[in-house]
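Dear colleague,

I am passing on the structure below, together with a short account of what was found in it. Please read the notes with the coordinates open beside them.

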Amino acid sequence: MRLAPTPAGRAVWRILRAAPFDAPHFRRQMPFANRYIADFTSHRAQIIIEIDGNTHELESVAEQARTAWLIAQGYPCCVSPTPKRQGRPLSRAP
C-alpha cells in the first residue's frame, strides 16, 4: 500500500470523485482478501483501475496470477501506464 499517491494517482482520484464517476463510488487502495491491493475499485461497477502500469510488471507470472485471481472474483482490471504529462495537467477529455 502506498503511503502517498503518485501524481497520476492523485489526478485520477480527483476525476473519479467528480461527477459522473462518483456514481460507481470508487475507493482508493482497496485490499482484496489480504492478498492484493488495487489502486481504485468500484464494488458497484465491479471494476478495478490500476494506474502507473509501469510499476506493475504486466508480463510477470505474479502479476498474471494476481490479475487472474481478481478476475475470478468478478473484477476485471484496467491497467494504464502513467500518462506522459509534458507539462500539461491531467484532466478529463473535453
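Helices (DSSP runs of H or I, at least four residues) and strands (runs of E, at least two) are numbered from the N terminus, contact means heavy atoms within 4.5 Å, and axes are lines fitted to C-alpha atoms, for helices over the stretch in contact, with angles from 0 to 180 degrees between N-to-C directions. The model is predicted, so local features need pLDDT of at least 70 and side-chain atom pairs count only at pLDDT 80 or more, while totals for chains, interfaces and linings use all residues. Residues are numbered from 1 along each chain as its sequence is written, and side-chain values use heavy atoms, with hydrogens and water left out.

Helix 2 (residues 61-72) lies across strands 1, 2, 3 and 4, running at about 45° to strand 2. These 4 strands form an open sheet of mixed pairing in the order 1-2-3-4, where two strands pair if DSSP finds at least two bridges between them. Strand 1 (26-32) and strand 4 (77-80) are the edges, each pairing on one side only.

The whole structure holds 2 salt bridges (a side-chain nitrogen of Lys or Arg within 4 Å of a carboxyl oxygen of Asp or Glu). Glu-50 pairs with Arg-66, with the closest N and O atoms 2.8 Å apart, and this links strand 3 to helix 2 across 16 residues. Arg-66 also forms a salt bridge with Glu-63, at 3.5 Å between the closest N and O atoms, which joins Glu-50, Glu-63 and Arg-66 into one network. Glu-50 is buried (under 20% relative accessible area, with a 1.4 Å probe and protein chains only; exposed is over 50%, partly exposed in between) at 0%, and Arg-66 is buried at 8%.

Best regards
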